[in-house]
Amino acid sequence: QVQLVESGGGSVQEGGSLRLTCVVTGYTGSNYVVAWFRQAPGKEREGVAAIDSIDSVAITRYADSVKGRFTISRDNAKNTLDLQMYSLKPDDTAMYYCAARLARPVYREYLLSDGYPYWGQGTQVTVSS
């Protein structure tokens with residue numbers, strides 16, 4: 001069974017940086033989609049970034065709210081997924097989850113949580129103003 005474990009969360013001041021890491025186990029190969037989602041208390045879960053390597057493609061997607069500030073990357077040899085976050089804002093405060101799916105979304109809607117069957121436990125990011 002696919003397992004995901006996040007790490008790297010913490011508390012930073014506005015304008016600071018963090019790098020989140022997700023370790024993927026239980027799957028052989030790199031033909032899957034991995035993504036980062038976040039959810040703040042009382043708010044809807046939001047797709048942050050995704051990366052797709054199925055069938056030798058290289059596709060990334062970012063939410064408009066993080067474009068230019070966050071970078072998603074994966075190391076297929078190590079089975080890890082990173083989210084490098086710069087210029088953090090208080091609105092970035094949330095629990096961040098990594099998620100994976102074994103098929104490309106039909107409409108390439110990578111930032112919708114529906115359809116991702118595998119999830120990590122989350123890592124908290126808190127940005128103070």
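Which residues line the largest pocket? In this predicted model, the lining is made up of Arg38, Gln39, Ala40, Lys43, Glu44, Glu46, Pro90, Asp91, Asp92, Thr93 and Ala94.

**The largest pocket**

- Rolling a probe the size of a water molecule over the atoms shows where empty space is left.
- For the largest pocket, the computed volume is about 170 Å³.
- When the residues that line this pocket are sorted by class, 6 are charged, 3 are nonpolar and 2 are polar.
- Among the lining residues are Arg38 and Lys43, as well as Glu44, Glu46, Asp91 and Asp92.

**The disulfide**

- The disulfide is formed by Cys22 and Cys98, whose sulfur atoms are 2.1 Å apart.
- Cys22 belongs to strand 3 (residues 18-25) and Cys98 to strand 9, so the bond ties together parts of the chain that are 76 residues apart in sequence.
- The disulfide is right-handed because the torsion about the S-S bond of Cys22 and Cys98 is about 60°.
- Cys22 and Cys98 are both buried.

**Aromatic rings**

- A pair of aromatic rings is described by the distance of the centres and the angle of the planes.
- Phe37 is buried, at 1% relative accessibility, while Trp119 is partly exposed, at 26%.
- Phe37 and Trp119 also belong to a cluster that ring pairs build up together with Tyr97 and Tyr116.

**Charges over rings**

- Arg101 lies over the face of Tyr116, 5.3 Å from the centre of the ring, and Tyr116 is one of the residues in the aromatic cluster.

**Positive phi angles**

- Most residues other than glycine have a negative phi, and most peptide bonds are trans.
- Ser56 has a positive phi, near 65°, although it is a residue other than glycine, and its place is the loop between strand 5 (46-52) and strand 6 (59-62).
- Ser56 is exposed because its relative accessible area is 74%, which is over the 50% cut-off for that word.
- Arg108 also has a positive phi, near 55°, and this residue lies in the loop between strand 9 (94-101) and strand 10.
- With a relative accessible area of 41%, Arg108 is partly exposed.

**Contacts across the sequence**

- Ser113 is found in the loop between strand 9 and strand 10, and its relative accessible area of 24% makes this residue partly exposed.
- Although Ser113 and Arg45 are 68 residues apart in sequence, their C-alpha atoms are 7.6 Å apart in space.
- Gln84 belongs to strand 8 (residues 80-85), and this residue counts as buried because its relative accessibility is 16%, a value under the 20% cut-off.
- Gln84 and Leu20 are 64 residues apart in sequence, and the distance between them in space, from C-alpha to C-alpha, is 6.4 Å.

How values were computed
Residues numbered from 1 in each chain as written. Predicted model: local features only at pLDDT ≥ 70, side-chain atom pairs only at ≥ 80, totals over all residues. Heavy atoms only, no water. Buried < 20%, exposed > 50% of the residue type's maximum accessible area, 1.4 Å probe, protein only. Phe/Tyr/Trp six-rings, centres within 6.5 Å; stacked < 30°, edge-to-face > 60°. Lys NZ or Arg CZ within 6 Å of the ring centre and 35° of its normal. 1 Å grid on protein atoms, 1.4 Å probe; cavity = no way out; pocket = protein on both sides within 12 Å on 5 of 7 lines; lining within 4 Å. Points joined across faces, edges and corners; volume = space filled by probe spheres on them. Nonpolar A, V, L, I, M, F, W, Y, C, P; charged D, E, K, R; others polar. Helix = DSSP H or I, 4+ residues; strand = E, 2+ residues; numbered from the N terminus. Disulfide = S-S within 2.5 Å.
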